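Subject: Structure handover

Hello,

Here is the structure for you to look through.

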Amino acid sequence: MPFSPQAFKKHFSIFKNQPNLVYLDNAATSQTPDSVLTAMNDYYQNYRANTHRGIYESSEKATSKYEDSREKVANYINAAPEEIIFTRGATHALNLVANGLTTSLQHGDEIVITEIEHHSNLVPWQVLAKRYQLVLQYIPINADGLLDLTDMGTIITKKTKVVACSHASNVLGTITPLEQIIQHAHNVGAVVVVDACQSIPHQRIDVRALNADFVVFSAHKMFGPTGIGILYGKKELLNQLPPFEYGGHMIHEVTYTDTTFAEAPERFEAGTANIAGVIGFGATIDFLQSLDWQGVQEHEQELVKYTLQKLRQLEAVIVHGPSGTVNRTGVISFNINTVHSHDAAHILAMNNIAVRAGHHCAQPLLHKLGIKNSIRASLYFYNTAEDIDALIMGLKKVITTMKA
């Protein structure tokens with residue numbers, strides 16, 4: 001049976017409670033299926049306790065469910081459980097890696113990122129490069145908003161120690177040619193960090209096949225709860241990183257004069273975790289595993305094509321990024337001539353259409369594109385052609401209203 005977004009929506013109470021909602025802000029956060037909410041409520045209602053602490057029934061069950069989630073995430077991306085670190089979010093995970101890696105770098109060493117990066121994968125490297133007197137280099141984009149790898153050999157060199165890049169742009173939706181970048185980086189001995197926040201919600205990722213050294217993503221963009229991020233790292237590299245935070249659970253032994261630290265994953269999970277969130281993310285992985293991935297991806301690709309076609313029929317609308325639909329997710333940014341993106345988003349919101357307006361935490365990229373802000377419509381598997389038709393009708397209202 002072909003994938004049906006209408007049937008898929010029935011897994012989400014928000015669409016039952018708000019039947020007129022046209023939700024097109026999935027790049028910021030996705031909606032959460034009922035099965036995930038049930039798993040989290042079950043923890044709070046029936047066995048709330050701290051993990052790895054008690055030998056009583058509730059604590060042992062909480063610990064078991066927590067570690068089950070780690071195994072589910074590991075299996076989902078083809079990693080080992082000890083290579084999965086639960087963090088407060090992808091931003092936290094990126095800061096953890098950036099702070100850990102830069103402590104071992106020397107004056108003049110180089111870090112390479114790209115011009116499409118979200119602030120979370122730009123600002124930490126920028127700040128730390130200044131602190132440790134490192135050199136920050138950028139892989140540029142071309143006129144179509146695609147990464148220009150023409151001069152990669154002069155950007156990623158033997159001086160390069162870290163390459164950090166997004167798998168997909170949170171502004172343009174375009175997918176990065178990671179294999180080429182990773183291979184070149186490894187050839188010069190550099191460590192590769194991949195921000196997969198905008199890609200893993202839309203495709204399966206095999207970290208072994210990808211061969212990145214670290215991969216970061218967030219639960220809330222892929223049907224999961226907020227406040228949960230994932231850091232995957234190759235085991236030997238994780239255990240070489242210094243801890244980012246200190247306290248309970250992450251130690252091996254403490255005396256009044258010294259402390260030794262546990263190995264990963266405990267090494268990076270100080271304090272009480274977001275237990276319900278981790279358990280909820282385990283239920284999210286179950287939900288994702290149940291999907292007909294070929295069906296949902298075919299649906300999304302058709303929807304992206306339909307959206308771009310409809311947007312380009314509006315003369316006042318300027319769509320940013322490549323004109324094609326190959327190698328891109330359902331993230332589409334655009335502007336309306338003479339209309340500020342916030343004004344457009346406000347009028348759309350009055351018609352129950354949820355989009356994002358602003359710089360999308362990617363100010364340098366927008367400046368590179370020659371704009372200060374944009375409207376972003378981001379699609380997910382529960383979106384339909386009817387949602388896009390509503391968006392187009394809403395944009396026509398925006399254009400008419402702002403001309404008046």
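**Aromatic rings**

In this predicted model, there are 20 aromatic pairs. Phe12 and Phe15 make an edge-to-face pair, because their ring centres are 6.0 Å apart and their planes stand at 65°, where an angle over 60 degrees is what edge-to-face requires. Phe12 is buried, since its relative accessibility is 0%. Phe15 also counts as buried, with 10% relative accessibility, as the limit is under 20%.

Phe15 has a charged neighbour as well: Lys9 lies over the face of the Phe15 ring, 4.9 Å from its centre.

Both Phe12 and Phe15 belong to one aromatic cluster.

**Cysteines**

How many disulfides does the structure hold? The number is zero. For Cys197, the closest cysteine sulfur is that of Cys361, and the 12 Å between them is too far for a bond. Seen from Cys361, the closest cysteine sulfur is in Cys197, again at 12 Å and too far for a bond. A disulfide would need the two sulfur atoms within 2.5 Å.

Is each of these cysteines buried or partly exposed? Cys197 is buried, at a relative accessible area of 8%.

Regards

Notes
Residues are numbered from 1 along each chain as its sequence is written. This is a predicted model: local features need pLDDT of at least 70, side-chain atom pairs count only at pLDDT 80 or more; totals for chains, interfaces and linings use all residues. Side-chain values use heavy atoms; hydrogens and water are left out. Rings of Phe, Tyr and Trp (its six-membered ring) pair if their centres lie within 6.5 Å; planes under 30 degrees apart count as stacked, over 60 as edge-to-face and the rest as tilted. Buried means under 20% relative accessible area, exposed over 50%, partly exposed in between (1.4 Å probe, protein chains only). A charge sits over a ring if NZ of Lys or CZ of Arg is within 6 Å of the ring centre and within 35 degrees of the ring normal.
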